[in-house]
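Me: Please examine the following model and discuss its metal site and its charged side-chain pairs.

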Amino acid sequence: MKNILLFADPGIDDSIAIMYALLHPEINIIGIVSGYGNVDKEQATNNVAYLLHLANQTNIPIIGGATRSCTGEYPVYYPEIHGKEGLGPIRPPDTIKGELLNFSEIFNLVENFKDIVVVDVGRNTSLAVAFILDDKFGEKIKEFHIMGGAFFVPGNVTKLAEANFYGDPVASNFVMTQVKNITSVPLNVTNKAIITKSQIQEIQNASSSPLIKILDKVYDYYLQAYQKLIPGISGAPLHDVLTLSLLMNPDMGSYLKRDVDVQIFGEARGESIADFRVGSEEKESTTKIYLSLDYQAFIHDFMTIMSK
Ligand code: RIB
Ligand code: CA
């Protein structure tokens with residue numbers, strides 16, 4: 001069983017990742033830190049609360065994360081990809097609100113659980129803040145899994161940058177350069193984590209979970225956005241789901257260990273950089289960067305967990 005502290009900004013692929021985690025028999029979500037990113041913090045929090053309500057797991061604490069980036073800028077949201085409220089056409093009922101716990105609850109959680117795995121599938125601001133508030137935070141966490149960056153492939157928000165690293169490059173650079181035991185799940189693998197409409201339909205037919213009842217509508221919105229972005233694409237890439245799926249199935253892809261830094265300024269803002277030259281492997285790094293994915297294994301894992 002993995003004790004997971006999840007940082008997220010739901011958002012459609014974040015929401016499907018939360019569904020995956022809630023349905024996974026080997027995942028114990030010890031808390032969800034909801035912050036700005038795909039939508040604002042308040043909306044992200046309401047979406048988390050709604051998903052926990054549907055899953056009948058309202059005992060999972062929701063912790064208030066960041067409202068904006070360490071750069072000081074106000075965030076830019078992406079309603080064209082995630083919908084105005086972050087769940088495509090779905091608006092969580094006004095009656096469902098999570099009890100939002102103070103950020104310091106993170107430090108209580110890490111005292112109360114063992115072998116915690118932190119998974120961050122949003123902007124890295126809240127995670128960086130945890131380190132800024134407690135220098136020893138990293139010592140209490142077993143491993144960190146980060147969806148972000150792009151190696152050998154174009155960015156998805158600029159020609160060089162992936163959206164999470166672009167959104168707060170200061171926090172991402174802080175995390176990637178100062179935190180030990182990171183597994184990085186960048187666009188070069190997450191772009192391949194394509195789920196098709198017929199696979200979603202299959203899950204919908206197999207499952208009676210109230211969580212899955214909203215899956216098709218949420219997915220359809222995201223698929224249409226991707227079909228506009230990349231005409232002819234066969235489905236939609238579930239970046240954040242793959243991050244959890246690789247955590248649960250580490251042999252489903254291959255990685256290299258390299259130090260990573262993130263550019264902060266100018267045209268290269270948000271670009272992730274690692275040295276893959278021959279000989280660079282001699283420098284010890286604790287950061288694993290996934291570079292390939294066994295797609296069929298991912299589909300099998302996704303279909304199995306989501307259909308439960
Ligand atoms: O670049 C993909 C990431 O950006 C995902 O976490 C997605 O939710 C979006 O915010
Ligand atoms: Ca996300």
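The questions and answers below concern this predicted model.

Me: Which residues are the protein donors of the calcium ion (ligand 2)?
Reply: The donor atoms lie 2.3 to 2.6 Å from the calcium ion (ligand 2). Along the chain they follow the spacing D-x4-D-x106-V-x118-D. The donors are Asp9 (OD), Asp14 (OD), Asp14 (OD), Val121 (O) and Asp240 (OD).

Me: Is aspartate 14 buried or exposed?
Reply: A residue counts as buried when its relative accessible area is under 20%. Aspartate 14 has 0% relative accessibility, so this residue is buried.

Me: Which residue meets glutamate 73 in a salt bridge?
Reply: Glutamate 73 is in the loop between β3 (62-64) and α3 (79-82), and is partly exposed at 36% relative accessibility. Its partner, 196 residues apart, is in the loop between β11 (261-262) and β12 (272-273), and is buried with a relative accessible area of 14%. With N to O at 3.0 Å, the partner is arginine 269.

Me: How far apart are the closest N and O atoms of arginine 277 and aspartate 275?
Reply: Arginine 277 is exposed, with a relative accessible area of 60%, while aspartate 275 is partly exposed at 29%. A salt bridge requires a separation within 4 Å. In this pair the closest N and O atoms are apart by 2.8 Å.

Me: Which residues do salt bridges that share partners join into one network?
Reply: The side chains of glutamate 85 and arginine 91 meet at 3.2 Å, N to O. Glutamate 85 is buried at 16% relative accessibility, whereas arginine 91 is exposed at 51%. The network consists of Glu85, Arg91 and Asp94.

Notes. Residues numbered from 1 in each chain as written. Chains lettered and ligands numbered in written order. Predicted model: local features only at pLDDT ≥ 70, side-chain atom pairs only at ≥ 80, totals over all residues. Heavy atoms only, no water. Donors = N, O, S within 2.8 Å, 3.2 Å for Na, K, Ca; no water. Buried < 20%, exposed > 50% of the residue type's maximum accessible area, 1.4 Å probe, protein only. Helix = DSSP H or I, 4+ residues; strand = E, 2+ residues; numbered from the N terminus.
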